[in-house]
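I opened a new notebook page for this protein. My plan is to look up one item at a time and write down what I find.

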Amino acid sequence: MKHLLAAIVFSALSAFSAGAVQAAEKTVTLDVFSMNCPTCPYIIRQTLSRVEGVRKVVVSYEDKTAIVIYDDARTNPGALSAATASVGFPSKIVKKEGSS
Ligand SMILES: [Cu+2]
């Protein structure tokens, strides 16, 4: 239920920020292995959402992952991983899409 609510809130935020269309949109999955309670995803999502260039963040507590859609010209997976680490959640880059 919390996840459903989060998804709804997030959809609203996404719609709000969907105005500026730019080219280099990429997706990365971070393994946020240190999540240990249901509040963690909220903190992680807030943190990643505030990183310049981030378009969308979907955090799964069950999977301990954060899927981030970002503007390749403004940020990068290393910076995203560093952002989660800065609030106490070290993360590993497990998957990149749309990049070579
Ligand atoms: Cu927690």
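Where does Lys-64 lie? I found Lys-64 in the loop between β2 and β3.

**Ground rules.** I note that this is a predicted model, in which local features need pLDDT of at least 70 and side-chain atom pairs count only at pLDDT 80 or more, while totals for chains, interfaces and linings use all residues. Residues are numbered from 1 along each chain as its sequence is written.

**Overall layout.** I looked up the elements and found three helices and four strands. Helices (H or I, at least four residues) and strands (E, at least two) are DSSP runs, numbered from the N terminus. Along the sequence the pattern reads α-β-α-β-β-α-β.

I then looked up contacts, where two residues are in contact if their C-beta atoms, placed from the backbone, lie within 7 Å. Among contacts with a separation of 6 or more, 63% join residues 24 or more positions apart.

**Burial.** A residue is buried if 20 or more other C-beta atoms lie within 10 Å of its own, exposed if 12 or fewer, and partly exposed in between, with C-beta atoms placed from the backbone. I found that buried residues make up 25% of the 100 residues.

**Strands.** Two strands pair if DSSP finds at least two bridges between them. I looked up β3 (residues 65-71) and found an antiparallel pairing with β1 (residues 25-31) over seven bridges. Leu-30 has Ala-66 as its bridge partner in β3. β3 also pairs with β2 (residues 54-60), again in the antiparallel sense, over six bridges. Here Val-57 stands opposite Val-68, and Val-58 stands opposite Ile-67.

**Back to Lys-64.** β2 and β3 form a hairpin with four residues between them. Lys-64, in the turn, has a positive phi of about 55°, although this residue is not a glycine. I noted for comparison that most residues other than glycine have a negative phi. Is Lys-64 buried, exposed or partly exposed? Lys-64 counts as partly exposed because it has 19 C-beta neighbours inside 10 Å.

**Helix α3.** I looked up residues 77-86, which form α3. Pro-77, Leu-80, Ser-81, Ala-83 and Thr-84 are buried there. They lie on the same side of α3 because they cover an arc of only 155° around the axis, the arc being that of the directions from the helix axis to the C-beta atoms. Gly-78 and Ser-86 are exposed on the other side. Just after α3, Gly-88 takes a positive phi of about 95°.

**Val-87.** I found Val-87 in the loop between α3 and β4 (92-97). Val-87 is exposed because 12 other C-beta atoms lie within 10 Å. Apart from neighbours within four places in sequence, Val-87 is in contact with Ile-43 and Thr-47. The C-alpha atoms of Val-87 and Ile-44 are separated by 7.9 Å, with the two residues 43 apart along the chain.

**Core.** A nonpolar core is a set of buried Ala, Val, Leu, Ile, Met, Phe, Trp, Tyr and Cys residues joined through C-beta atoms within 7 Å. Which members of the largest core touch the most other members? I found Leu-48, Ala-66, Val-68 and Leu-80, out of 15 residues. The elements that give two or more residues to this core are β1, α2 (40-49), β2, β3 and α3. Leaving aside neighbours within four places in sequence, the contacts of Leu-48 include Val-54, Val-57, Ala-66, Val-68 and Leu-80.
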